[in-house]
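Please read them alongside the coordinates.

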Amino acid sequence: QLTFVESGGDLVQPGGSLRVSCEASGFALRNYAIAWFRQVPGKEREAISCISGLDGSSYYADFVKGRFNSSRDDARNTAYLQMDSLKLGDTAVYYCAADQEVRKCSRGWQTGTRFAYWGQGTQVTVSL
């Protein structure tokens, strides 16, 4: 069974940086797409990025392009979301997600419905 342990969420000032991690167990992360989402209570979940398995091609939402970068460390079986130039509006719970049937970030990945396995979430708070 696929499981994830997320970590790295914290309180950070606007303009600061933070890196959240998603350690996978039960499968080799390098072979599958892994996506990042975020959600604020009472609001819809937002897709942030997706990195495909094998070739590692990545996709980003417009509102994080140039600020966020997703990556994988295959030796650690861990995915990372590096967040720079953080804004107040980036405050949310951040989730990683994957599925054994999804190897690429094909069209529609942003809905999140293709991913059956999710991390527990890590809180990122951007505040003065």
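1. Cys22 and Cys96 form a disulfide, with 2.0 Å between their sulfur atoms. The term covers a pair of cysteine sulfur atoms within 2.5 Å. The link joins distant parts of the chain: Cys22 sits in strand 3 (residues 18–25), Cys96 in strand 9 (residues 92–98), and 74 residues separate them. Strands here are DSSP runs of E, at least two residues long, numbered from the N terminus.

2. The link of Cys22 and Cys96 is right-handed, with 70° about the S-S bond.

3. Cys22 counts as buried because its relative accessibility is 0%. Cys96 is buried as well, also because its value is 0%. Buried means under 20% relative accessible area (1.4 Å probe, protein chains only).

4. Cys50 and Cys105 form a disulfide too, their sulfur atoms 2.0 Å apart. This pair also links distant parts of the chain: Cys50 lies in strand 5 (residues 46–51), Cys105 in the loop between strand 9 and strand 10 (117–118), 55 residues apart.

5. The link of Cys50 and Cys105 is left-handed, at -85° about the S-S bond. Both Cys50 and Cys105 are buried.

6. The count is two disulfides. Their pattern is 1-3, 2-4, counting bonded cysteines along the chain.

7. On method: this is a predicted model, where local features need pLDDT of at least 70, side-chain atom pairs count only at pLDDT 80 or more, and totals for chains, interfaces and linings use all residues. Residues are numbered from 1 along each chain as its sequence is written, and side-chain values use heavy atoms, leaving out hydrogens and water.

Note on methods: Helices (H or I, at least four residues) and strands (E, at least two) are DSSP runs, numbered from the N terminus. Buried means under 20% relative accessible area, exposed over 50%, partly exposed in between (1.4 Å probe, protein chains only).
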